[in-house]
Structure formats: structure tokens, C-alpha cells
Amino acid sequence: MTTSLADVASSNVTLRTFLHGLPGVDRVGADQRAAMLGTRSIKTTAKAEAIDLAIRMVDLTTLEGADTPGKVRAMCAKAVHPDPGDPSVPKVAAVCVYPDLVAQAVDALKGSGVKVASVATSFPSGRSSLDVKTTETAFAVAAGADEIDMVIDRGAFLAGDYVKVFEEIVAIKAACGAAHLKVILETGELSTYDNVRRASWLAMLAGGDFIKTSTGKVQPAATLPVTLIMLEAVRDFLATTGRKVGVKPAGGIRTTKDAVKMLVLVNETVGEGWLSPDWFRLGASTLLNDLLMQRQKMATGRYAGPDYFTLD
Amino acid sequence: MFEYAPAPESRDVVDIQPSYGLFIDGEFADGTGKSFKTINPASEEVLAEVATASEEDVDRAVRAARKAFGTWSAMPGSERAKYIFRIARIIQERSRELAVLESLDNGKPIRESRDVDLPLVAAHFFYYAGWADKLGYAGYGADPRPLGVAGQVIPWNFPLLMLAWKIAPALACGNTVVLKPAETTPLTALAFAEICRQADLPPGVVNIVTGAGETGAALVNHPDVNKVAFTGSTEVGRQIARSVAGSGKKVTLELGGKAANIVFEDAALDQAVEGIVNGIFFNQGHVCCAGSRLLVQESIATELLEALKRRLGTLRLGDPLDKNTDIGAINSAAQLARIRELSDAGEAEGAERWSPACSLPDKGFWFPPTIFTGVAQSHRIAREEVFGPVLSVLTFRTPAEAVEKANNTPFGLSAGVWTEKGSRILWVASKLRAGVVWANTFNKFDPTSPFGGYKESGYGREGGLHGLEAYLDV
């Protein structure tokens, strides 16, 4: 099955035929399902478990032009010990930085088990030549990145040049070597849920290890319905090809409530097989402190002020 | 494994009295019949003792309604509207209490009573309040007149919502009402009686008489009732039609259904699965318009059934007051017996029965979500209304066959069509003999939309502009 599916990318006509032959997504129905799952009430022990799981799934991210080596080191310290006063708080999954800061992050996280992810491929727009993109990827991998978060060429996708998008992902995957590849679809620019499903399949067929909603630079980013559709895609892809792909919503997940809704979505769409940092990540920066605050509230019954949580 | 901890909605918001009387002429009064108990079907716990209205009690209620009719019908529509708007607002304010009470007495999940029933109840009162001073623009002449006293008998599946469907248009048009709630679910109707007092509704405009079938018969057959509105089984609907024939009473009947939910091969599959689940497992399948016959195109039948079974595995059955419950309790022992009897018949007739692994609580009335495959049109489970969480799956090859099978039923209340092709939706909808046809959705209700059936599903329409006709002398 895997080999015959790979053949669909042999030309733009076959790839287009395949992607447009996927079942459609009814927007109203998908929104309704996501909204319903958003009403799940996760309390007490379930909430405590969900908070710890969410912390373990966080890709702690800083992607600003103003990022400095010092800022990255501080964030790495936070990734390993999110709450310095409470050693029972688990580590986050990874930190996510720009390629030129990978070396600092790798150094700061040595031996901690926290992974280093780097965006690449002319993030966030992806507007450059394939050469530049593969070179940038190779640069980040050489600096020690465990994971690469690439962006797809949305312009080519929207123009119907699916093969171009496909081949680019294949090339970046090759440049990754042993590093894991997360493919950012930038769903906020794809405009329809049908496109989100097609782009998900395209990224998976091309060899992506994870599919990721957004760069965080475009709104809307990681909405519940978009994450739902991507979860359905990885579920169907596993059933069709036998290969399991992870999902990473990123952008706009700021509160514990947002994160718990995501976990409910995973639980009731693809099940516990994806409820681990190996298969589901939350790309976020401010989320972590809210998780810590809610965690402390569960343990002590009181909210501490924001000054009791570090800003890194 | 991500287990959700219990998240029960608090019962403290409701104050259930040990016993309830009848609501006649603005006052609560004892009934002269033998009182009965109403229970929580999820635990079999007795909630309250409720009066039975005898023939004399019903007569008192009708006389009170008759007396009130004079002033109520003479009141300017804009004044009547104020009362109805006030009722709608009080319902919204007390919606959490009413939702909990509904779930306790009926067994439906709080998520449903909170997110579906109560918002619709308020919406119906708001909608018809808006009509009260605009009846001259409804298309029935400049000053259409009300009918008089309406005798209304409602079922147990949506106790407060069915009350709203009946009472809101009746009052807006200037009628007064005597309403009998179902004997297993009287509590929210009695809470509504309190709301009428809270809203200072003139005495006698709304009267609530509780009791079983005899009370309903006394109301329907009362000579001074001008209009009979009934929602319930086709069997009782037939009796009512017979008994009021020739009496000059205007009648609307909302009866049973056996809706076809038709899924074409080009449907949006994940949403179709949700629609099937919502179509038959919403409110434990206690829905007259439930999509109880799934007609799926052969080319996707295997794939769809697999997806449907996977989805059913995630349904959460249990405590109706838990905010995460999807499937609540069956409303009564009698209904549970009927569901069991028909399901056993399905098996005996050769259909294959499937339910997800699902543990049922020890106490109360429960039935797991169930699918029958290999169902033939001739099987009882494809012909008769189960009124429970039981789905019959049939397949078809061509659109024409789908339409033929969908219409091949004595009922005709609702139907669903799932396809990404707009032209096919229109073609199928024009061929289906069903009062409501949903496209790429199911069990969607709105006060602006008329609802009612073909054939044995009854006659007359409730809701929307069309719903006014049933309460006007036109």
C-alpha cells in the first residue's frame, strides 16, 4: 500500500486526483464537533493529569527577530525546570528556536532529555529557493537540532502545484537526516478545511513525521476544528499506510483550558495512542506559565500572582 | 489513558417539593384522582408525588381557561407579547435549574438539556412573543381571531420543549390553554406553572393538569375545547383523531417517525458519522424525527460502518447529570421493555446486532447504543418506531433506490441527506415525502422553521409562520 500510494506523487495530475478524491470536510459539521468536544468538563484528578501531560507536550518556543543567546539560555533553563520551586513538575518536550540559536540551545540542554527543534526553510513565509531551504535545514541539523519545523510553500499549494510542495518536503526530509521533520501547513492561509485535509495528506505522503498547524505568525492559527481535521488525517493515514504521524497545534494556545481542550480532541478522535509527547505537541510560549499556575492552584487551592512564575 | 473524572452538575439548584397539585386558574390545587409518583429513570429514586386530574378537575381547568379567554383574546397583541417575552426571559434566567430538573425527571444528559432543550425553549417563547402584535401580517387577513381554549397533550421525550412548542404559539394568537404533560415527566411543566405566576400571567390563561391517559382523554374529549394539539405515538394519535372527528375541534397531530438518513458515497465522511450519531443517539433515540434508518451507499458501506463503530466506542453512557455524559437513561421501564422487545425481534429476524463495549449502571433504565446491520426493509426494526438508541443499517446502490427505500414507510416526519453535491441534495429533497429534510446535518431545530409530518406522522405544522395557522380561526 505504501509503495502504491507513493506513486500518486509521480505527476501533478495523479497527485491532484488523489488529494481531490479524499472525502470532503463539511465546515459546519466540523466546527460543531470541535465545539461540542470543547464543552467537556475536565476536573479534579483528570485535570491534574491533563496539566502534567500538557507540560510534557510543550514545545517551548521563541521565534522573534530580537532573540538573543541569553534569552535562549534562559528559556532552556525554564524548559528543564519549569517551576524551580517544585521538582515534581515535568520537563517540557522541546524548545523551538531559529537556526542560528540552535547551538546555544543544544549546549544549554545537554543531557537534559529536552529536545531542540529549529524552524527552517525561510520561516515563516517559506519564500525562497529550494537550495536556500535545504542549506538552512542542513545548517540547523549540523548545529545539533533534533527536530526541524519546516513551512510548506503555500503559494504553490494554493496555485495547485502540489508536486512542487511534495518535492520540497521530500528534499527537506532528506536534508534532515536523522532529525524529525515537522511540516507546518500554515492553515490560516489555506482558507478551507478541504485544503487542510489535502495539505495534511500531502505532507504525510512526502514523509513528514509530524504535521503542524501554524507558524504562529498568521491568524487564525491552531483552532480546534483545524486540529480536529489534522487528527482525523493522521488517523486515516495510519489505517491506510501503517505509518503513524504526529500532530502539533501551534499558535494561539495560551491557557490551560485551551490545552485541555486539545487533549480532549486527541483523546476522542485518535485515542490514547497519540496522548504522548512522541505523537502530540503543543507549540506555545505563554501557555507554560498558565499550566504552572493552574497546577499550583490544584495542589494548594490558591492562585499565586503572576510574579511567582518566571518570565523567560 | 485519559479518564475523565466525574463532573456532576449540582442538584442544589432545584428545589423539588414532595408533592405537586394541579395548576388551575392561577392556583395550585389538589387533584381528585389518585396521585402518582414520578421517578428519576437513572436511579429509580422517587422525585415527587403528583396529582392526577380527574374528569371534574379537567372540566374545572377548561372552565378557567374559557373564563380567561375573554380578556386574554381581547388584549392588544402588544400587551400579550409583554407577558410572553417576560416568560421567555424568566426561562433564560432559570435555565440551569430547569435543565437540571429536566435531566432528573427525564434521564437525558445535562449537556443536552443545557445546550439544546433550554435554549430552544426560550427561543420559542421569544419567537412567538414577536408574532403576537403582528398577526395581521401573517397572511390570514387583517385581524385573524384565536380559536378559544386549546387542549394540549405532550410527550415525555422533550417535556419542556414540547410545552414551549404548544403554549408559545397558542398564547401569542390569543388562545388560552389546558396542557397535560406526560405522566413520567411532569416536573418541568409544573415549574413552568410557577413561572407563569412569576410573570403575572392572568389566571386561567395557562392551566396544567397532570395524569395519565385518562386525563388526556378527558381533556381531548371535553366539549368546550376548541383545539386539540397532540404530540406522541401514532396509536394514541389515531384514537384522538377518531374521538374528535365531527366535533368541530381543530386538530394538529405530531406522531411517530422512521426517518431515513441517506449517506451518499461523496459525503463528507467524518461529519456524516457525527450526523448519524446525532441522528439516532441524541436524547437516547427518544426523538420522533430520529434518523433511525441509515441508508448508506454500498460503495462506502464498509468504511462508513467501521468509522461509525469506532465513534460509538467513544460515547459516554451514564449519570445524566455528569457534564460529560453523551447517553443518558431510558425514560421508563415500559419504554425499555419496548426497545428490548423490538431489538430481540431484530435479532430473531436475522439482522446482526452490535453494541460497543459499554457497562450499564446497576440501577435505573439503560440500553446501550445499538446498531443492526444486514437489515431488510421487511424487518420490524426497519418498519416500526423503536424510539430508542437503535439504528438499522440498510444499503442502496443508486440514488433512485435510496429515495424508494426512504419513502417506503408508513411514516414521513423527517429525513437526512449527506452528499457534497448540491444538486443531489435538491433532487433527493424534492422526492422525499417527509416534513423536514436535513442536508448535511440532522436534528437541527429552530423556532422559525415549521415542523410536522406526512402520512402516519401526523398533520399540521408547528413552528414558524406555519405554526400560527394551527391556533388561528382561519
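**Backbone and rings**

Analyst: Start with A:Pro124, found in the loop of chain A between strand E3 (115-119) and helix H7 (130-142). Helices (H or I, at least four residues) and strands (E, at least two) are DSSP runs, numbered from the N terminus. This is a predicted model, where local features need pLDDT of at least 70, side-chain atom pairs count only at pLDDT 80 or more, and totals for chains, interfaces and linings use all residues. Residues are numbered from 1 along each chain as its sequence is written, chains are lettered from A and ligands numbered from 1 in the order in which they are written, and side-chain values use heavy atoms, with hydrogens and water left out.

User: What kind of peptide bond joins A:Phe123 and A:Pro124?

Analyst: A cis one, with omega about 0°. Most peptide bonds are trans.

User: Switching to chain B. What is phi of B:Asp25?

Analyst: Near 55°, a positive value in a residue other than glycine. Most residues other than glycine have a negative phi. B:Asp25 is in the loop between strand E2 (22-24) and strand E3 (27-29) of chain B.

User: Is B:Asp200 buried or exposed?

Analyst: Exposed, with a relative accessible area of 54%. Buried means under 20% relative accessible area, exposed over 50%, partly exposed in between (1.4 Å probe, protein chains only). B:Asp25 is partly exposed, at 26%. Phi of B:Asp200 is positive too, near 60°. B:Asp200 is found in the loop between helix H6 (187-198) and strand E8 (206-208) of chain B.

User: Now rings. How many aromatic pairs over all chains?

Analyst: A search of the whole structure finds 18. One of them is B:Trp438 with B:Phe442: ring centres 4.7 Å apart, planes at 50°, so the pair is tilted. Rings of Phe, Tyr and Trp (its six-membered ring) pair if their centres lie within 6.5 Å; planes under 30 degrees apart count as stacked, over 60 as edge-to-face and the rest as tilted.

User: Which residues do ring pairs link into a cluster?

Analyst: B:Trp165, B:Trp438, B:Phe442, B:Phe445 and B:Phe451. Both B:Trp438 and B:Phe442 are buried.

User: Which ring does the charged end of B:Arg424 sit over?

Analyst: The ring of B:Phe264, 5.0 Å from its centre. The criterion is NZ of Lys or CZ of Arg within 6 Å of the ring centre and within 35 degrees of the ring normal. B:Lys227 also lies over a ring face, that of B:Tyr471, at 4.8 Å from the ring centre.
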